[in-house]
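I have opened my notebook for an afternoon of looking things up in one model.

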Amino acid sequence: MKLIALVGSLRRESVNLKLALTLQERYRGKFELDIANIGTLPFFDQDEEENPPESVRKLSGQVAAADGVLILTPEYNWSVPGVLKNALDWLSRGDKVLIGKPVLAAGASPGMYGTLRGQLHLREILSSPGIQAAMLPPAGNEIAVAQAPQKFGEGGARLTDERTLTHIDVVVDRFLELIRHR
Ligand SMILES: Cc1cc2nc3c(=O)[nH]c(=O)nc-3n(C[C@H](O)[C@H](O)[C@H](O)COP(=O)(O)O)c2cc1C
């Protein structure tokens with residue numbers, strides 16, 4: 001199985017990128033996870049949507065070819081970062097490659113609520129007509145890593161908190177079932 005990750009932070013030391021790398025390594029036996037480059041996409045411009053730039057065509061092709069999408073994102077001002085919204089806006093036009101595509105969201109933050117408010121916004125965006133992603137129901141399936149600095153081990157390179165990882169194991173298995181049964 002092949003999945004693609006969209007990471008909503010461009011920061012070199014991003015905990016959300018490190019979360020993506022944790023999942024990439026932890027589930028190597030279950031799926032291959034490529035991390036898309038959304039930081040170089042130009043701002044969405046409706047004048048260009050019929051003839052999108054190469055970076056957008058590449059991302060669109062990667063998403064179309066993937067069995068599912070993981071979104072690992074910070075919360076910015078109680079919502080999603082502009083870089084992620086921009087990528088989703090591009091993907092919501094043209095071939096609309098997210099329609100019916102299984103998408104699982106997760107987020108990490110140093111704060112108490114682990115991006116949950118941002119993920120509520122994200123869920124609305126992912127339900128919009130141009131996206132219509134296939135998602136697990138939110139109850140019991142939210143992955144929100146609060147107080148992230150305490151949960152990333154030695155040097156903070158990977159998520160190491162066992163309780164959080166056990167929860168993610170369960171949700172990822174449900175997500176893989178969603179993919180298999182769609
Ligand atoms: C513009 C901006 C807005 C932010 N807004 C929130 C917020 O609404 N909720 C929150 O928990 N953290 C917020 N933060 C703090 C981020 O959670 C923190 O910087 C986090 O480490 C960013 O994720 P990253 O490490 O993947 O880059 C904000 C940070 C920035 C730069």
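Entry 1: Is Gln 132 buried, partly exposed or exposed? I note before anything else that this is a predicted model. I looked up Gln 132 and found it partly exposed, with a relative accessible area of 40%. My cut-offs here are under 20% for buried and over 50% for exposed, so a value of 40% falls in between. Gln 132 sits in the loop that runs between α4 (116-126) and β5 (143-145). Its phi is near 45 degrees, a positive value in a residue other than glycine.

**Entry 2: another positive phi.** I turned to Asn 77, which is not a glycine and yet has a positive phi of about 50 degrees. Where is Asn 77 found? I place it in the loop between β3 (68-72) and α3 (82-91). Asn 77 is exposed, and I read a relative accessible area of 78% for it. That area takes only the protein chains as cover, and I wrote Asn 77 down again for the next entry because it is among the residues around the ligand.

**Entry 3: the ligand.** Which residues are around the ligand? I listed Ser 9, Arg 11, Ser 14, Val 15 and Asn 16, then Pro 74, Glu 75, Tyr 76, Asn 77 and Trp 78, and finally Ser 109 and Pro 110. Sorted by class, this shell holds 5 nonpolar, 5 polar and 2 charged residues.

I then went through side-chain N or O atoms paired with an oxygen atom of the ligand. For Ser 9 the distance is 2.7 Å. For Arg 11 I get 2.6 Å, and for Ser 14 I get 2.6 Å. The ligand taken alone exposes 620 Å², and the protein buries 68% of that.

**Entry 4: Asn 16.** I stayed with one residue of that shell. Asn 16 lies in helix α1, residues 15-26. Its relative accessibility is 2%, so I count it as buried. What lies 2.9 Å from a polar atom of the side chain of Asn 16? I found the backbone nitrogen of Ala 108 there.

**Entry 5: helix α6.** I checked the length of α6 (residues 162-180) against its number of residues. Its 19 residues should span 27 Å at 1.5 Å a residue, and the end C-alpha atoms are 27 Å apart, which agrees. I then marked the buried residues of α6: Thr 164, Leu 165, Ile 168, Val 171, Val 172, Phe 175, Leu 176 and Ile 179. Seen down the axis of α6, these fall within an arc of 145 degrees, so they line one face of the helix. I jotted a reminder that an α-helix has 3.6 residues a turn, so residues three or four places apart point the same way. On the other side of α6, I found Glu 162 and Arg 163 exposed.

**Entry 6: helix α2.** I repeated the length check on α2 (residues 54-65). This helix has 12 residues and reaches 16 Å from its first C-alpha to its last, close to the 16 Å expected at 1.5 Å a residue. Which residues are buried in α2? They are Val 56, Leu 59, Ser 60 and Val 63. They cover an arc of only 100 degrees around the axis, which puts them on the same side of α2. I see Glu 54, Lys 58 and Ala 65 exposed on the other side.

**Entry 7: helix α4.** The buried residues I noted in α4 are Gly 118, Gln 119, Leu 122, Ile 125 and Leu 126. Their arc around the axis is only 110 degrees, which puts them on the same side of α4. Leu 120 and Glu 124 are exposed on the other side. I picked out Leu 122, which counts as buried at 0% relative accessibility. I also took the C-alpha separation of Leu 122 and Ser 109: they are 13 residues apart along the chain and separated by 15 Å.

**Entry 8: Gly 100.** My last stop was the loop between α3 and β4 (103-108), where Gly 100 is found. Gly 100 is partly exposed, with a relative accessible area of 27%. How many residues apart in sequence are Gly 100 and Gly 68? I make it 32, with 9.7 Å between the two in space, C-alpha to C-alpha.

Conventions: Residues numbered from 1 in each chain as written. Predicted model: local features only at pLDDT ≥ 70, side-chain atom pairs only at ≥ 80, totals over all residues. Heavy atoms only, no water. Near = heavy atom within 4 Å. Polar contact = N/O pair within 3.5 Å; in protein donor to acceptor, adjacent residues only side chain to side chain. Areas by Shrake-Rupley, 256 points an atom, 1.4 Å probe, with all protein chains shown as cover. Nonpolar A, V, L, I, M, F, W, Y, C, P; charged D, E, K, R; others polar. Helix = DSSP H or I, 4+ residues; strand = E, 2+ residues; numbered from the N terminus. Expected span 1.5 Å × (residues − 1). Buried < 20%, exposed > 50% of the residue type's maximum accessible area, 1.4 Å probe, protein only. Arc of directions from axis to C-beta.
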